[in-house]
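Good morning, and thank you for coming. Please look at the structure on the screen, and I shall then take you through its parts in turn.

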Amino acid sequence: YQVLPPLNTSREDDTLVEIGPRFTLVPIKVLAGAFSGETLYSNVDYVSPNEARAALKRKASRSTVDHVRQKEKRRARINEHGVADLPFDDLEDAFDD
């Protein structure tokens, strides 16, 4: 807001005029001194952007861990029921040095 003096002589009081967009401040912590001192107020519901990003990464990693487990199960199943049942190949190492 901006305080404006009276524009015409009929009004003697100052007026408030809004300048710029409105915005909201969310106080995180109020300290007794400038950048130090006793904590007077602390917002317990505040989640820092770093913590939010870390939570998203943890959630994504759970999905990755599940994919890795599925791959391991599949490989084990193929070894049990697939490749392990193939007969021995005498010519398997024919082109190895």
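I begin with Pro 27, which is found in the loop between strand 2 (15–17) and strand 3. Strands here are DSSP runs of E with at least two residues, helices are runs of H or I with at least four residues, and both are numbered from the N terminus. Before I go further, a word on the source: this is a predicted model, in which local features need pLDDT of at least 70 and side-chain atom pairs count only at pLDDT 80 or more, while totals for chains, interfaces and linings use all residues. Residues are numbered from 1 along each chain as its sequence is written, and side-chain values use heavy atoms, with hydrogens and water left out.

Is Pro 27 buried, partly exposed or exposed? Pro 27 is partly exposed, because its relative accessible area is 45%. The terms are defined as follows: buried means under 20% relative accessible area, exposed means over 50%, and partly exposed lies in between, with a 1.4 Å probe and protein chains only. Leaving aside neighbours within four places in sequence, Pro 27 is in contact with Tyr 41 and Asn 43, where contact means heavy atoms within 4.5 Å.

Pro 27 and Tyr 46 are 19 residues apart in sequence, and their C-alpha atoms are 8.8 Å apart in space. Tyr 46 has its place in the loop between strand 4 and helix 1. At 34% relative accessibility, Tyr 46 counts as partly exposed.

Asn 43 is also placed in the loop between strand 4 and helix 1. Asn 43 counts as buried, because its relative accessibility is 19%. Which residues does Asn 43 touch, not counting those up to four places away in sequence? They are Val 26, Pro 27 and Ile 28.

Let us now consider the chain as a whole. The secondary structure comes to 1 helix and 4 strands, and the pattern read along the sequence is β-β-β-β-α. Of the 97 residues, 2% count as buried. Among contacts between residues at least 6 apart in sequence, 0% join residues at least 24 apart. The chain exposes about 9,700 Å², and carbon and sulfur atoms supply 56% of that area. Such areas come from the Shrake-Rupley method with a 1.4 Å probe; for residues, only the protein chains shown count as cover.

Next, please find Phe 35, in the loop between strand 3 (29–31) and strand 4 (39–42). Most residues other than glycine have a negative phi. Phe 35, although not a glycine, has a positive phi of about 65°. Phe 35 counts as exposed, at 84% relative accessibility.

I turn to the salt bridges. A salt bridge is a side-chain nitrogen of Lys or Arg within 4 Å of a carboxyl oxygen of Asp or Glu. How many are there by this rule? The count comes to 1 salt bridge. The side chains of Arg 69 and Asp 66 meet in it, at 3.7 Å from N to O. Arg 69 and Asp 66 are separated by about one helical turn, because they are 3 residues apart in helix 1. Asp 66 is partly exposed, with a relative accessible area of 40%.

Finally, there are the surface patches. Patches are made of residues with over 30% relative accessible area and no salt bridge; like charges are joined within 9 Å, and nonpolar side chains (Val, Leu, Ile, Met, Phe, Trp, Tyr) within 5 Å. Lys and Arg count as positive and Asp and Glu as negative, while His and the chain ends are not counted. The place of a charge is taken as NZ of Lys, CZ of Arg, CG of Asp or CD of Glu.

Lys 71, Arg 74, Arg 75 and Arg 77 form a positive surface patch. Arg 75, found in helix 1, is exposed, with a relative accessible area of 54%.

A negative surface patch consists of Asp 89, Asp 90, Glu 92, Asp 93 and Asp 96. Asp 90 lies in the segment after helix 1 (49–81). Asp 90 is exposed, because its relative accessible area is 62%.

Tyr 1, Val 3 and Leu 16 make a nonpolar surface patch of about 390 Å². Tyr 1 is found in the segment before strand 1 (2–4), and at 66% relative accessibility Tyr 1 counts as exposed.

Thank you for your attention.
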